[in-house]
Amino acid sequence: MTHEEKKRWVKENLPVCSRVASAFADVFGEGVKMVFASENGYRFGKPGKEGISLSETVVGSMRERAKP
């Protein structure tokens, strides 16, 4: 699977995670990458040893941005 095919799969199957990763990249630069995600029964990558709880996460609106 090519990099573009992987990106398309993530966008289609993990839409919220994809939007969050995109928002992080907008703020912190393109070097930021998603290493683990879980949504809609799909999993991507492996969680860290300690993991992270939702209470430790601050996330803004999940609404899609209007396309220019």
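I began with A37, which touches L14, C17, Y42, R43 and F44, residues up to four places away in sequence being left out; contact here means heavy atoms within 4.5 Å. I note that this is a predicted model, in which local features need pLDDT of at least 70, side-chain atom pairs count only at pLDDT 80 or more, and totals for chains, interfaces and linings use all residues. Residues are numbered from 1 along each chain as its sequence is written, and side-chain values use heavy atoms, with hydrogens and water left out.

**Overall layout**

I counted two helices and two strands in the chain, arranged along the sequence as α-α-β-β. Helices (H or I, at least four residues) and strands (E, at least two) are DSSP runs, numbered from the N terminus. I looked up burial next: 13% of the 68 residues are buried. Buried means under 20% relative accessible area, exposed over 50%, and partly exposed in between, with a 1.4 Å probe and protein chains only. The accessible surface of the chain is about 6100 Å², and carbon and sulfur atoms hold 56% of it; such areas come from the Shrake-Rupley method with a 1.4 Å probe, and for residues only the protein chains shown count as cover. Among contacts with a separation of 6 or more, 46% join residues 24 or more positions apart.

I placed A37 in strand β1 and found it buried, at 3% relative accessibility. C17, one of the contacts of A37, lies in helix α2. C17 counts as buried because its relative accessibility is 18%. Beyond four places in sequence, C17 touches M34, A37, S38 and E39. I also checked C17 against M34: they are 17 residues apart along the chain, and their C-alpha atoms are separated by 8.5 Å.

E39 sits in strand β1, residues 36–39. Outside four places in sequence, its contacts are N13, L14, P15, V16 and C17. N13 belongs to helix α1 and is buried, with a relative accessible area of 15%. Its own contacts, on the same exclusion of residues up to four places away, are E39, N40 and Y42.

**Aromatic pair**

I searched for ring pairs, taking rings of Phe, Tyr and Trp (its six-membered ring) with centres within 6.5 Å; planes under 30 degrees apart are stacked, over 60 edge-to-face, and the rest tilted. The count is one aromatic pair. The ring centres of W9 and Y42 are 5.4 Å apart and their planes stand at 85°, so the pair is edge-to-face. The pair links distant parts of the chain, 33 residues apart: W9 in helix α1 (residues 3–13) and Y42 in strand β2 (residues 42–45). Both are partly exposed, W9 at 28% and Y42 at 36% relative accessibility.

**Nonpolar patch**

I recorded a nonpolar surface patch of about 400 Å², made by F24, V27, F28 and V32. Patches comprise residues with over 30% relative accessible area and no salt bridge; like charges are joined within 9 Å, nonpolar side chains (Val, Leu, Ile, Met, Phe, Trp, Tyr) within 5 Å. V27 lies in helix α2, residues 15–28, and is exposed at 61% relative accessibility.

Key: A salt bridge is a side-chain nitrogen of Lys or Arg within 4 Å of a carboxyl oxygen of Asp or Glu.
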